[in-house]
Amino acid sequence: MLIAHLSDAHIGPLPPVLLHELLNKRLTGFINWKRGRSRTHDMPLLSRLLADIGSHRPDHIAMTGDIVNIGLAGEFPLARAFLEQLGPSGHVSFVPGNHDAYVRAALAPMRHWLGPWMTGDGAAASRFPYVRQRDGVALIGLSSGVPTLPFLASGTLGKAQLTAFADILADLGRAGLCRVVMVHHPPHLGGAKPGRGLTDAAEFERTVARAGAEIILHGHNHKTSLATIPGPGGSAVPILGAPSVSAVSGTNDHRAGYHLLDIVPDGTRSAISLTTRGHDPQTGAIATIGERTIR
């Protein structure tokens with residue numbers, strides 16, 4: 001099974017903004033957009049990367065959050081169009097990031113416009129965690145996107161979601177499925193700078209140590225990264241971070257790109273290899289910038 005993993009599209013431009021919509025945390029985000037974020041995220045380059053993803057014909061697409069910027073109601077129809085461009089809701093799995101849940105007022109329009117892409121098999125409505133099973137692979141979607149105070153970009157899963165997550169991991173493990181976990185924030189201790197990390201990362205690590213998982217996908221840091229956390233019986237569970245799929249500046253691991261995961265599902269014995277493709281600033285081409293075996 002071939003899975004394309006992308007994150008942090010931050011699509012623009014922003015729709016027209018009313019003054020009352022900025023009387024909250026959105027004001028700082030709006031200023032940041034005007035001062036530089038709008039130039040960091042290149043929409044023509046994003047379109048080229050989406051075309052490159054399509055050329056590889058992935059069996060499924062995992063989008064790990066931050067489609068929008070400051071959670072305006074007018075941003076979510078554009079976000080839905082973005083997901084529709086990636087594929088139908090059964091082909092694309094989405095989990096929200098902190099920018100999608102920027103303020104409390106963003107949550108209802110996010111569920112309204114993006115719900116079909118973050119709903120589990122057979123479910124009538126979006127609820128986290130959700131599960132989708134595809135050809136021996138189980139995709140598990142978690143929501144770490146919660147409204148926070150200004151100048152904070154942290155995420156939280158919460159006790160209820162973590163409890164359900166533990167049961168889901170155990171059940172899918174007994175069923176012999178390859179468990180692919182999707183979450184926006186780096187879910188391990190030290191995975192992000194202070195004020196930007198997952199507040200309950202320690203409990204997440206304990207959950208995976210008990211129940212296991214085959215790979216965890218995240219975004220948020222706008223760069224390619226690969227870490228591990230302990231799994232059952234001394235095993236190591238890989239945690240793969242995706243770059244922003246639209247960012248144009250930065251180092252070799254901090255530029256516009258996405259991952260292709262080639263999975264041979266076999267429960268805990270699943271084999272996973274990784275190809276990272278992205279923008280080559282020297283040639284302007286979209287090219288392979290890294291390959292490795294993950295497990």
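Helices (H or I, at least four residues) and strands (E, at least two) are DSSP runs, numbered from the N terminus. By that rule, Asp-135 lies in the loop between β4 and β5, and the whole chain comes to six helices and 12 strands. This is a predicted model, in which local features need pLDDT of at least 70 and side-chain atom pairs count only at pLDDT 80 or more, while totals for chains, interfaces and linings use all residues. Residues are numbered from 1 along each chain as its sequence is written, and side-chain values use heavy atoms, with hydrogens and water left out.

**Overall shape and surface**

- A compact globule of 295 residues would have a radius of gyration near 19 Å, and the chain agrees with 18 Å; the radius is taken over C-alpha atoms, and the globule rule is 2.2 Å times the number of residues to the power 0.38.
- Along the principal axes, the C-alpha atoms fill a box of roughly 55 × 45 × 35 Å.
- Of the 295 residues, 55% are buried (buried means under 20% relative accessible area, exposed over 50%, partly exposed in between, with a 1.4 Å probe and protein chains only).
- Among contacts with a separation of 6 or more, 68% are between residues 24 or more positions apart (contact means heavy atoms within 4.5 Å).

**Aromatic pairs**

- The structure holds two aromatic pairs (rings of Phe, Tyr and Trp, the last by its six-membered ring, pair if their centres lie within 6.5 Å; planes under 30 degrees apart count as stacked, over 60 as edge-to-face and the rest as tilted).
- The rings of Phe-128 and Tyr-130 are tilted, because their planes stand at 50°, with centres 5.7 Å apart.
- Phe-128 counts as partly exposed at 22% relative accessibility, whereas Tyr-130 counts as buried at 2%.
- Phe-165 and Phe-204 form a stacked pair, with 5.5 Å from centre to centre and 15° between the planes.
- This pair links distant parts of the chain, since Phe-165 is in helix α5 and Phe-204 is in helix α6 (residues 201-211), 39 residues apart.
- Both Phe-165 and Phe-204 are buried.

- Ser-143 lies in the loop between β5 (137-141) and α5 (159-174), and its relative accessible area of 12% makes it buried.
- Not counting residues up to four places away in sequence, Ser-143 touches Pro-96, Phe-128, Thr-156, Leu-157 and Gln-161.
- Leu-172 is found in helix α5 and is buried, with a relative accessible area of 8%.
- With the sequence limit of four places again applied, the residues that Leu-172 touches include Val-131, Ala-138 and Ile-140.
- Leu-172 and Ala-211 are 39 residues apart in sequence and 9.6 Å apart in space, C-alpha to C-alpha.

**Backbone exceptions**

- Most residues other than glycine have a negative phi, and most peptide bonds are trans.
- A cis peptide bond joins Gly-12 and Pro-13, with omega about 0°; Pro-13 is in the loop between β1 (2-6) and α1 (26-40).
- Another cis bond joins Phe-128 and Pro-129, with omega about -5°; Pro-129 is in the loop between α4 (107-114) and β4 (130-134).
- His-10, in the loop between β1 and α1, has a positive phi near 45° and is buried, with a relative accessible area of 0%.
- Asp-135 has a positive phi near 50° and is exposed, with a relative accessible area of 65%.
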